[in-house]
Structure formats: structure tokens, C-alpha cells
Amino acid sequence: MTVVANATFNLDLSEMVEEAFERCGSELRSGYDLRTARRSLNLLFADWANRGINLWTIEQGQIPLVQGTNTYDLPLDTVDLIEHVIRTNPGVQNTQADLTISRISVSTYATIPNKLQQARPIQVWVNRQSGATYAGTSSSTPPAGVNYPKIVVWPTPDQGTAQDPYYTFVYWRLRRIHDAGNGISTMDIPFRFLTCLVAGLAYYLSVKLPEAKDRIGLLKAQYDEAWELAATEDRDKSPDRFVPRRMYIT
């Protein structure tokens, strides 16, 4: 018997929607059915962003720090930062170094007496703005713009320019999962999450389809199980390292 040597199976948007409708005991019949399913998919991706770290969305980036400037924009589709360092002498052989910078809360940042003090940054507040656009409505409101996610470092950098930085903020971020596209698009997910995605979409559609109301409980249970399996597998498999703490009794 000949074994197929391919390992390229995937589903495009139309095939995922058809499978989800069939699980609901229905069929994909109209353009509106596809549109409402695409909307449900985008809401499902927003739910995944709240459920934990999606490893395939981790991206590295960097921001050159400028003397006297403590606030910088992050990419608009940033969900959160998971790691960050301050890199000194970036690109200079034998002198480049990555130094720890601690993340602090808005409450801790608010209590810093001199926020304009200049030195090497050792703390960062991640201001997780919505990324939504806003519009000015009167002379007292700011002009139309975008609420970019931001970082605010402290102390304020004491040297460097955008063209010749001495400090660089290097980060690893979680970005948003790309939106569901047209009917022939494949989703921005690894194949390991295909079952979970279809199960989640079927559950979301069952809430909206009258003929599927008797299947809501079953489809939700299938989605929860599929999510648990996929999320458990989608993790960093490096070994854990535990360092004992020495205690002194006086």
C-alpha cells in the first residue's frame, strides 16, 4: 500500500465555515452566512487573545531610545509584551550588552517623584491602549488619531538619538491574530489549532442559529475540550529551572 508523503492539509475560510455549519446541523447557503461566520471568527480570535499566550504570534521588535524622551509607541496590533531588555551599544561588537529592565504598574509609575530624571532606564510601564481610532469633536478635544499601545521608561534616557542610539529597548510581543479574510484565505493559525478553530466557530454559530439551539451545550463542550488540548500543546517546552532561596534566621 502506498503512503501519501504530503503533510500539507489545511482548510480555507469557506471549508471551515462549511464544517462548522454542518456541526450545527445546517448548511452554508448564502453570502450572509459567510459574512456572519467571518464576524464570529474575528470575535473568536479576540477571545483567544484573552485566554493566554499564542506562541505563533510572538514577534521580536526594538525601539531606539532618544535622550530626554520617555514615551514610545508600540505597533498598533500589539496585545502585550512578554519579555524586554535594554540593549546598550547596539551593533557594536564585544561591547553590546542586554540589561534587565523591570516592568512596573501604572500605580508604581505614578509614585515616582521625578519622572524626567535622566539615566539608563531600569523600569518600564506598558500602557496597553486599545489601538482604536478616536475623533476630536470640539476645540477642547485632541485631533483625530489612534490610541497606540505605548511604553514609558524610567529613568528617561540620558543619551542617544534615533539615528545613533546608545540604548535600544528590545522586546518580544504578542501580536493580534490576523483577521479572517475572504473565502479562499487560510487562517493565521498553526494546523494544530484547526480542530479547535472549527469547534469554536461551530459553537459561536449555534448560539445564532435557531435550528442549532439543542446542540449549544454539546458544541460548547467540544470547543472547551479542543481548546484545552491545543493550548496545552502550544507551550514552551524548555525545562523549568528552580533556584532555591537561602533563608537566614536571626
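By class, six nonpolar, two polar and four charged residues line the second largest pocket. This is a predicted model. Select Arg51, Gly52, Ile53, Asn54, Leu55, Ile82, Phe193, Trp227, Ala231, Asp234, Arg235 and Asp236 to show that lining. The space inside is about 170 Å³.

Next, go to the largest pocket, with a volume of about 370 Å³. Its lining has 16 residues. Pick Ala46, Ala49, Val79, Ser130 and Arg176, which lie nearest the centre. Then colour H2 and strand E3 (78-88), the elements that give two or more residues to this lining. H2 gives the most, with four residues. By class, seven lining residues are nonpolar, five polar and four charged.

Now the largest nonpolar core, with 36 residues. Select Leu41, Trp48, Met187, Ile189 and Leu197, which have the most contacts inside it. Show helices H1 (13-23), H2 (31-51), H4 (194-208) and H5 (216-233), each giving two or more residues to this core. H4 supplies the largest share, ten residues.

Centre on Leu41. Not counting residues up to four places away in sequence, Leu41 touches Leu13, Ala180, Met187, Leu197 and Leu201. A second, separate core has 14 residues, including Leu74, Ile101, Ile151 and Tyr167.

Last stop: Val170, in strand E10 (residues 167-175). Is Val170 buried or exposed? Val170 counts as buried because its relative accessibility is 0%. Show its contacts: Gln60, Gly61, Gln62, Glu83, His84, Val85 and Arg87, not counting residues up to four places away in sequence. Finally, draw a distance from Val170 to Thr71, 99 residues apart along the chain: their C-alpha atoms are separated by 15 Å.

Conventions. Residues numbered from 1 in each chain as written. Predicted model: local features only at pLDDT ≥ 70, side-chain atom pairs only at ≥ 80, totals over all residues. Heavy atoms only, no water. Core = buried A, V, L, I, M, F, W, Y, C linked by side-chain atoms within 4.5 Å. Buried < 20%, exposed > 50% of the residue type's maximum accessible area, 1.4 Å probe, protein only. Contact = heavy atoms within 4.5 Å. 1 Å grid on protein atoms, 1.4 Å probe; cavity = no way out; pocket = protein on both sides within 12 Å on 5 of 7 lines; lining within 4 Å. Points joined across faces, edges and corners; volume = space filled by probe spheres on them. Nonpolar A, V, L, I, M, F, W, Y, C, P; charged D, E, K, R; others polar.
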